[in-house]
Amino acid sequence: MKSVLAVTMVLLLGLLSPGLLSADEQPREQSIDEIVVESERLVEKQETVTIKSEGLPAKVNIVTKEDLKRMPYTGDAVQMVQQIPGMGIRRNMRGDMGVFLGMRGFSGNNVTAVFVDGMPLNTLNWAHGLLNMGWLTPEMIERIEVIKGPFSALYGNFARAGVINFVTKKSDPSPSLGGFGGTYETFRGVGVFSDSSWSKSLGGVTPFLVWEGYTRGGYRHNEDFERGQFFNKFTFPVWEGDLSVRGHYASRTWGDAGWLSIAQMKAGTINRKDTVNLTDRGDSEMADFVMNYSPKGGEAGLHASLYFCYTWNATGRTWPPSPQGRIDGAENYYGWKVMYDYRPFDQLSLVVGNDLRNDDARRNTWNTVNYYTITKATSALHFSQFNTGFFAQAQYRPFSFFKLIGGVRYDIFDTDVTNNLNSSNSGSGSTDFWSPKFGLVITPYTDINIFANHGTGFASPDPQQVSPASTTQKSNFDLGVSELETWDVGFNALLFKRLFVSFDYYNTLNQKEQEFDNATQTYNNLGASKRTGYEVEAKIFLTKELAIYGSWAYVRGRLKNPATPGAYYITQLPPEQSGLGLDFQKPWDMGNQQLGFNFFWLRVGRNPINTRGTLIASQFDRYSFNLSYRYKKWTLSMDTILTPRKYSGESASTTGVTAGDWKIFPLPTWDVLAGLRYQF
């Protein structure tokens with residue numbers, strides 16, 4: 001990987017030679033926005049008729065590219081969303097794979113639909129709906145849209161807790177080159193090759209390229225990680241809009257340090273830096289191609305996305321006393337989303353469309369020795385899943401202070417499975433589902449929105465559930481979708497042009513609460529569950545340069561009819577989570593210099609590890625710091641992550657431990673990445 005990094009840097013230096021670039025030496029960075037501008041972005045105009053996510057009468061958070069510049073980043077994509085109030089994050093720490101993102105009391109692998117430029121990142125070839133988002137970097141992203149709840153008819157499968165939509169940039173103000181180094185032998189090189197002015201000399205084509213090399217020795221033994229990727233996007237005018245064409249490739253490899261017992265670490269029989277098995281490791285490869293079309297000069301008209309993605313990953317992990325288990329899965333999936341926004345008059349929007357996704361995948365699991373030697377096959381599936389959804393969504397604003405929104409989806413799933421270990425469970429099945437949405441927003445005064453919603457979300461059946469590998473379990477191709485119904489009410493307001501406040505209360509009924517068993521890689525159906533909770537968010541602009549923000553989220557989750565009396569807790573559901581942050585950005589010298597500081601404290605409360613609530617995980621705290629200084633085209637930065645609690649982690653497991661014990665992924669107390677970036 002170090003050689004890949006070196007080659008990448010050399011190529012970028014060649015591409016970014018002075019002969020190709022503008023001679024304009026003026027700084028390209030913008031000074032910070034006035035308070036009123038930033039505040040208006042926080043209080044989205046929800047009464048406006050728009051298909052943008054912030055136009056939904058729901059709790060929506062938007063992360064802009066300016067926000068991302070100020071957020072601490074040490075090479076982990078999750079850091080781009082961890083400041084969003086109530087975001088539930090769990091990771092299996094397999095390199096940058098195995099990310100669980102959720103909201104509103106959900107944090108599993110199939111509860112949140114995640115997209116980048118319209119291409120879904122929820123994969124099927126490893127765990128059903130698991131996110132392959134670790135390759136995303138801040139340099140690529142224009143904005144991140146987070147919709148809490150299944151309240152948009154434009155999104156279907158996996159959009160139960162909500163939707164996260166990453167929108168990549170079409171261009172950057174100028175090319176740049178950055179080099180970074182930090183703790184645990186971490187090195188990162190990234191180059192951005194873009195300038196919107198180049199389109200004049202390139203026949204109207206605007207290029208946007210991000211090339212990255214990343215390597216890390218790791219805090220624990222056998223926790224090394226390497227990533228190399230090329231992200232290439234070109235945008236040009238077509239017909240009455242803009243067409244963007246993107247090609248991306250990423251390769252990753254890592255060592256897997258595994259889960260460690262809390263009891264053994266406290267007893268001193270193992271060290272926090274120990275690894276379970278030095279031969280546990282993983283590899284991943286991804287290639288995708290995406291085309292996006294959007295109309296110019298407004299939202300009315302045709303919007304379309306077309307994508308193809310190939311992904312392969314192999315991972316070996318040991319769960320004592322069981323032998324090492326290896327998962328090897330490959331998947332090709334392609335699809336589209338096409339919709340038309342009809343605006344007969346300004347107060348009405350009618351959106352109709354179709355999305356389609358077709359997956360062809362294989363998933364093999366084996367017992368292995370030293371990762372490469374197979375001793376026993378435990379499952380071997382080759383499956384395809386076809387999903388198409390037809391949707392319609394209408395917005396009507398009969399009065400200046402009142403807007404209605406309603407939508408409906410009809411989704412069809414066809415699943416075909418070849419079970420190579422248990423051929424009697426091979427077969428095919430089909431299911432369909434209607435999911436209605438309804439909401440309203442009242443704006444009694446400028447910058448005050450009151451909203452309410454009701455919606456239904458769902459997740460497709462897992463091929464492993466409909467076709468078990470075990471000969472003692474029968475196939476169930478009549479298994480329907482996992483359905484969720486929820487409603488919420490809330491408000492947001494900007495007071496005195498300086499204080500932003502937001503409140504949201506929700507009630508959710510989940511028909512099939514599922515618990516993922518790490519040892520067997522299967523799901524246990526725990527029955528119906530209920531979650532009720534609320535989120536409070538505030539931000540105050542003390543001056544044009546200084547802002548303080550914070551949030552508090554509370555949720556109560558319970559199994560409604562547990563099979564075991566008293567076992568009604570939902571595991572790894574923290575009842576409360578809070579965040580507190582400070583942002584300071586001070587430009588001077590006519591914008592030629594700028595000092596920036598961003599601080600954020602995340603607190604995740606104690607949460608039950610088993611359904612009886614007899615095991616309670618420790619509180620989790622993370623402190624993030626970003627310090628930067630810009631002088632004209634040079635930017636010096638230092639990002640720091642502090643995780644002070646020794647026996648606390650983002651997730652926990654009781655697999656392979658004695659009663660009263662559990663396992664975590666120990667995290668480093670300090671993680672620091674410092675670097676220098678130059679804009680040409």
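This is a predicted model: local features need pLDDT of at least 70, side-chain atom pairs count only at pLDDT 80 or more; totals for chains, interfaces and linings use all residues.
Local features need pLDDT of at least 70, side-chain atom pairs count only at pLDDT 80 or more, and totals for chains, interfaces and linings use all residues. Residues are numbered from 1 along each chain as its sequence is written, and side-chain values use heavy atoms, with hydrogens and water left out.

Q: How many helices and strands does the protein chain have?
A: Helices (H or I, at least four residues) and strands (E, at least two) are DSSP runs, numbered from the N terminus. On that basis the protein chain holds 5 helices and 37 strands.

Q: What radius of gyration does the protein chain have, and why does it agree with a compact globule?
A: The radius is taken over C-alpha atoms, and the globule rule is 2.2 Å times the number of residues to the power 0.38. For 680 residues a compact globule would come near 26 Å, so the value agrees: the protein chain has 25 Å.

Q: What percentage of the residues in the protein chain is buried?
A: Buried means under 20% relative accessible area, exposed over 50%, partly exposed in between (1.4 Å probe, protein chains only). Of the 680 residues, the buried share is 57%.

Q: Which residues touch the most other members of the largest nonpolar core?
A: Such a core is a set of buried Ala, Val, Leu, Ile, Met, Phe, Trp, Tyr and Cys residues joined through side-chain atoms within 4.5 Å. The largest one has 40 residues, and those touching the most other members are L136, I144 and F166.

Q: Which strand supplies the largest share of this core?
A: Several strands each give at least two residues, among them β3 (97-102), β9 (162-168) and β17 (301-318). The largest share is 3 residues, and it comes from β8.

Q: Which residues does I144 contact, leaving aside its neighbours within four places in sequence?
A: Contact means heavy atoms within 4.5 Å. With those neighbours left out, I144 is in contact with N61, I62, V63, L68, M80, V81, I164, N165 and F166.

Q: Is T74 buried or exposed?
A: T74 sits in the loop between α3 (65-70) and β2 (88-94). Leaving aside neighbours within four places in sequence, its contacts include Y214, D639 and L673. Its relative accessible area is 5%, so T74 is buried.

Q: What separates the C-alpha atoms of T74 and A674?
A: T74 and A674 are 600 residues apart along the chain.

Q: Is T635 buried or exposed?
A: T635 belongs to strand β35 (residues 634-642). Beyond neighbours within four places in sequence, T635 contacts Y629, R630, G675, L676 and R677. Its relative accessibility is 14%, so T635 counts as buried.

Q: Is R104 buried or exposed?
A: R104 is placed in the loop between β3 and β4. Its phi is near 55 degrees, a positive value in a residue other than glycine. At 3% relative accessibility, R104 counts as buried.

Q: Is F496 buried or exposed?
A: F496 lies in the loop between β24 (482-495) and β25 (499-510). Its phi is also positive, near 60 degrees. With 75% relative accessibility, F496 counts as exposed.

Q: What is omega for the peptide bond from P320 to P321?
A: P321 lies in the loop between β17 and β18 (324-345). The bond from P320 to P321 is cis, with omega near 5 degrees.
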